Amino acid sequence: MNGIGLFAESGAILSPEAGYGLLLLFGVLWIALGWWWGRQAKSYDGFAVAGRNVGLAMGTATAVATWITSNTTMLAPQYALQLGIWGAVAYSTASFGLFAFAPMSGRIRQLMPTGYTAVEFMRRRYGWMGTIPFLLISLFYAVTWLVSMSMAGGKLLNVLSGIPYEVGMTVVVVVCVAYTLFGGMYAVIGTDFIQSLIILAGLVVVAIAVLTQVDLAEIHEDLRTERPMLLSAFFPAALMALFNNMLFGFGEIFHSNVWWSRAFAMREGVGPKAYALGGVLWLPVPIVAGFLGLAAPSLGIGISEPDTAGPLVAATLLGTGGALLVFVVVFCSLASSIDSLLAATSDLIVNDIAEPIHKRVGGEAAEDRTKRQWSAAAIIVLGAIAWIAALQNVGTLATVLFFAGPMVGSCIWPILCGLYSRRASSQAACASMVLGSVIGLVAYFTIGWFTASLIGSAVSGVTFAICCRIWPGDFHFETLAED
């Protein structure tokens, strides 16, 4: 039975055989490449931060590939489908986080030339009062992001080829865990380079192909007649989502060890250029993806789950070839982000949980071999936690991911002010993260997910300013470089 025939019977566009074949092909490819690049990781420093010698091309590629997640290719269409034009634009504001982090990455590399994690910075900058809430937020966010991308993998394979959600999600998680285990940051950045090229080329082809299949004037007229709020410049929920997503993007990048570990891995002077160029390349991607969500109502395509709108519209319009291309693009975007999270979060667990406990108990630093073993165990455990949580398949990608929104938004001011202001204090950092997270979560449940990051960030900023006024700090930045 061919792919198109199957679509008529089960709603899938590719046959299960084609889906399993693609899974096998890319699974073997990424694991083989992870092993190949991982041969360079001869020390823990190589495994965790790629020898601190990543250049501009690789640095830009890993920033682009990591930020083009399943959330970009699947949530941007959901935003547009539910919130209209502002929804597509809202997701593109996440590029502002990359632009803002560009100069910060240079500052981080300068202040902590031998650092490993964002939590390490918080510990040296604010002490344990600022570290504990930040560590808990970082771990919770990492797991939430892992779960949302694992869910996306299962949903994608089910929509395109009819592969059961549980099977597709499991294979995606297992493949990413396997090749990250082989090579750490070397494997992650090496595969990211290839994945970024595939993603960008695939999105260009999909965009051009879709535009040749649809009538823009007809789509606009259908939306104006049947769903006018999607075209409104004053759609309240969409406007709140725009600022909510922008602040969520700032919080994601500022606090996440995914981005800090790359700042430490890049050669001195490379980070600002790589992140700025990555933001430029990433900016149009969610707008292109969001258009697919806007087209769905006009095309009469039934969307049972809004976070599958993008792949379903593209694959339906372009047939089997389009479904294959969409599969490749989204699978690459999934892998490029899951591997980054696994590697960066394992660094955090090793350096900020296992290592301090080992020093306190044994009185000396752990050996390289021991830290590699800890990293491997952490990667496996993180993969297992993500698999168990994603197996429940509860909620949409947006509701799962943005549950962490107020927490990461509350980290913006402690990080930003901690890097540039001597007066930022541990009391301000702790109070702003706790209060911003709590009130933001209240907003999440009482108002909606599209307000939580905005409210959490605002509360955190006001709290931080007041606390710095009451308990000003006097920090000496040169102490950050001390071992």
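Helix α16 (309–362) supplies the largest share of the lining of the largest pocket, 5 residues. This is a predicted model, in which local features need pLDDT of at least 70 and side-chain atom pairs pLDDT 80 or more, while totals for chains, interfaces and linings use all residues. Residues are numbered from 1 along each chain as its sequence is written, and side-chain values use heavy atoms, leaving out hydrogens and water.

**Terms for spaces and elements**

- On a 1 Å grid over the protein atoms alone, a cavity is a set of points where a 1.4 Å probe fits but cannot get out; a pocket is an open set with protein on both sides within 12 Å along at least five of seven lines; lining residues have an atom within 4 Å of a point.
- Grid points are joined across faces, edges and corners, and a volume is the space filled by probe spheres set on the points.
- Helices are DSSP runs (H or I, at least four residues), numbered from the N terminus.

**Pockets**

- The largest pocket has a volume of about 340 Å³.
- Its lining counts 13 residues, and Glu120, Arg123, Arg124, Glu355 and Lys359 lie nearest the centre.
- Both α8 (118–126) and α16 supply at least two residues of that lining.
- By class the lining of the largest pocket has 8 charged, 3 nonpolar and 2 polar residues, where Asp, Glu, Lys and Arg count as charged, Ala, Val, Leu, Ile, Met, Phe, Trp, Tyr, Cys and Pro as nonpolar, and the others, Gly among them, as polar.
- The second largest pocket holds about 230 Å³; 16 residues line it, with Leu203, Val206, Val288, Ala289 and Leu292 nearest its centre.
- Two or more residues of the second largest pocket's lining come from each of α10 (165–211), α15 (285–299) and α16, and α16 gives the most, 6 residues.
- That lining has 14 nonpolar, 2 polar and no charged residues.

**Cavities**

- The whole structure has 2 cavities of 30 Å³ or more.
- The second largest cavity has a volume of about 50 Å³, and the residues lining it include Ser138, His255, Asn257 and Thr345.
- α9 (128–161), α13 (257–265) and α16 each give two or more residues to the lining of the second largest cavity; α16 has the largest share, 3 residues.
- The lining of this cavity divides into 5 polar, 4 nonpolar and no charged residues.

**Helix α12**

- Helix α12 (residues 236–255) has 20 residues and spans 28 Å from first C-alpha to last, close to the expected 28 Å, a value defined as 1.5 Å times one less than the number of residues.
- In α12, 16 of the 20 residues are buried (under 20% relative accessible area, 1.4 Å probe, protein chains only).

**Aromatic contacts**

- There are 18 aromatic pairs, that is, rings of Phe, Tyr and Trp (its six-membered ring) with centres within 6.5 Å; planes under 30 degrees apart count as stacked, over 60 as edge-to-face and the rest as tilted.
- The Tyr141 and Trp145 rings have centres 5.6 Å apart and planes at 45 degrees, so the pair is tilted.
- Tyr141 is buried at 1% relative accessibility, and Trp145 is buried at 1% as well.
- Trp260 and Phe264 form a tilted pair, 6.3 Å centre to centre with 55 degrees between the planes; both lie in α13, 4 residues apart.
- The charged end of Arg52 sits over the ring of Tyr116, 4.9 Å from its centre, and Lys371 lies over the face of Tyr116 at 5.5 Å (NZ of Lys or CZ of Arg within 6 Å of the ring centre and within 35 degrees of the ring normal).

Definitions and conventions: Buried means under 20% relative accessible area, exposed over 50%, partly exposed in between (1.4 Å probe, protein chains only).
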